[in-house]
Amino acid sequence: MKTQSNKNGFTIIEVVLVLAIAGLIFLIVFLALPALQRSQRDTQRRGDASRMLSQLEAYAGNRNGNYPSSTAQLTTFINTYMTNGGQSFQDPQGSNYTVQYRTYSAGYTAPTAAGRIDYITSAACNDSGNGNNVLTAGAGNRSVAVVTYLEQGGYFCQDNK
């Protein structure tokens, strides 16, 4: 006579299959996470550059339409308008932004590392430009542009035109 045994549990094949599927899911998440983090940091950099341009408009509004026209004035602007409650103006990776004052020139070289924002007077963004060709001349004395490098490649440029 045959007896049937009622065994509760999973076979070794079922356990290995579940572990393999879970491992694949973790691998996909692990590989996608750095790209997602870079994208989020670039989004914050775009927002910081836009906020800087907005604050430059407020600065000019308080000074009869005049924008910062020297490194010293730009430093005063950063300390007055871009810091909030004593906090510094920081890149998403934790270090303070390096903000550089520049005047437009044909040989302008855009930032090549994250954490730097260029403030350029007498310039406007070149919408069709790529690479370092992000600015165009002939924007006038009261035109300013803000350019920052993005981790995922390219640049973000915004002007007050």
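Student: At which residue in helix 1 does a kink of about 30° lie?
Tutor: This is a predicted model, in which local features need pLDDT of at least 70, side-chain atom pairs count only at pLDDT 80 or more, and totals for chains, interfaces and linings use all residues. Residues are numbered from 1 along each chain as its sequence is written, and side-chain values use heavy atoms, with hydrogens and water left out. A bend is the angle between axes fitted to the seven residues ending at a residue and the seven starting there. The kink comes shortly before the proline Pro 34, at Leu 33.

Student: How far does helix 1 reach from its first C-alpha to its last?
Tutor: Helices (H or I, at least four residues) and strands (E, at least two) are DSSP runs, numbered from the N terminus. Helix 1 covers residues 12-62, 51 residues in total. The expected span is 1.5 Å times one less than the number of residues.

Student: Which residue just after helix 1 takes a positive phi?
Tutor: Look just past the end of helix 1. The phi there is about 55°, and the residue is Asn 64.

Student: Which cysteine forms a disulfide with Cys 125?
Tutor: A disulfide is a pair of cysteine sulfur atoms within 2.5 Å. The structure holds one, with its sulfur atoms 2.0 Å apart. It links distant parts of the chain, 32 residues apart: strand 3 (residues 124-125) holds Cys 125, and strand 6 (residues 155-159) holds the partner. That partner is Cys 157.
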